[in-house]
Amino acid sequence: MKLIVDNMTCQHCVKAITKAINDIDPKAKVTVDLAKHEVDIEGGSISQESAIAAVNEAGYEFVGISY
């Protein structure tokens with residue numbers, strides 16, 4: 001699943017979002033593309049709703065799904 005997320009600008013953002021997702025599902029592989037504002041989550045069993053909630057709780061704004 002690929003989420004579009006605003007307010008990501010640096011490696012701190014990458015670490016914060018990766019930690020938020022991995023706190024819910026340690027098996028999820030998280031890749032963040034700052035230029036595209038995308039968070040790609042592969043593997044694991046995290047639901048879309050849980051991923052969105054984790055991103056929002058980490059202080060970032062979920063914008064949509066990238067296909």
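The following legends describe an overview and several close-up views of a predicted model.

Residues are numbered from 1 along each chain as its sequence is written, and side-chain values use heavy atoms, with hydrogens and water left out.

**Figure 1. Overview of the chain, with two helices and four strands.** The elements follow the order β-α-β-β-α-β from the N terminus. The radius of gyration is 10 Å, close to the 11 Å that the globule rule gives for 67 residues, so the chain is as compact as a globular protein of that length. Helices (H or I, at least four residues) and strands (E, at least two) are DSSP runs, numbered from the N terminus. The radius of gyration is taken over C-alpha atoms, and the globule rule is 2.2 Å times the number of residues to the power 0.38. Along its principal axes, the C-alpha trace spans about 25 × 25 × 20 Å. Buried residues account for 36% of the 67 residues; buried denotes under 20% relative accessible area, exposed over 50%, and partly exposed the range in between (1.4 Å probe, protein chains only). Of the contacts (heavy atoms within 4.5 Å) between residues at least 6 apart in sequence, 62% join residues at least 24 apart.

**Figure 2. Salt bridge between lysine 2 and glutamate 38.** A search of the whole structure finds two salt bridges, each defined as a side-chain nitrogen of Lys or Arg within 4 Å of a carboxyl oxygen of Asp or Glu. The side chains of lysine 2 and glutamate 38 form one of them, at 4.0 Å from N to O. Lysine 2 belongs to strand β1 (residues 2-6) and glutamate 38 to strand β3 (residues 38-42), so the pair ties together parts that are 36 residues apart in sequence. Lysine 2 is partly exposed, at 33% relative accessibility, whereas glutamate 38 is buried, with a relative accessible area of 14%.

**Figure 3. Salt bridge between aspartate 23 and lysine 19 in helix α1.** The two side chains meet at 2.9 Å, N to O. Aspartate 23 and lysine 19 are four residues apart in helix α1 (residues 11-24), so about one helical turn separates them. Both aspartate 23 and lysine 19 are exposed.

Figure 4. Alanine 20 is buried, at 16% relative accessibility. Leaving aside residues up to four places away in sequence, alanine 20 touches Ala54 and Ala58. Between alanine 20 and valine 32, which are 12 residues apart in sequence, the C-alpha to C-alpha distance is 13 Å.

**Figure 5. Positive phi at asparagine 7, in the loop between β1 and α1.** Although asparagine 7 is not a glycine, its phi is positive, at about 75°. The relative accessibility of asparagine 7 is 47%, so this residue counts as partly exposed.

**Figure 6. Positive phi at histidine 37, in the loop between β2 (29-33) and β3.** Histidine 37, a residue other than glycine, has a positive phi near 60°. Histidine 37 is partly exposed, with a relative accessible area of 28%.

Technical notes:
Predicted model: local features only at pLDDT ≥ 70, side-chain atom pairs only at ≥ 80, totals over all residues.
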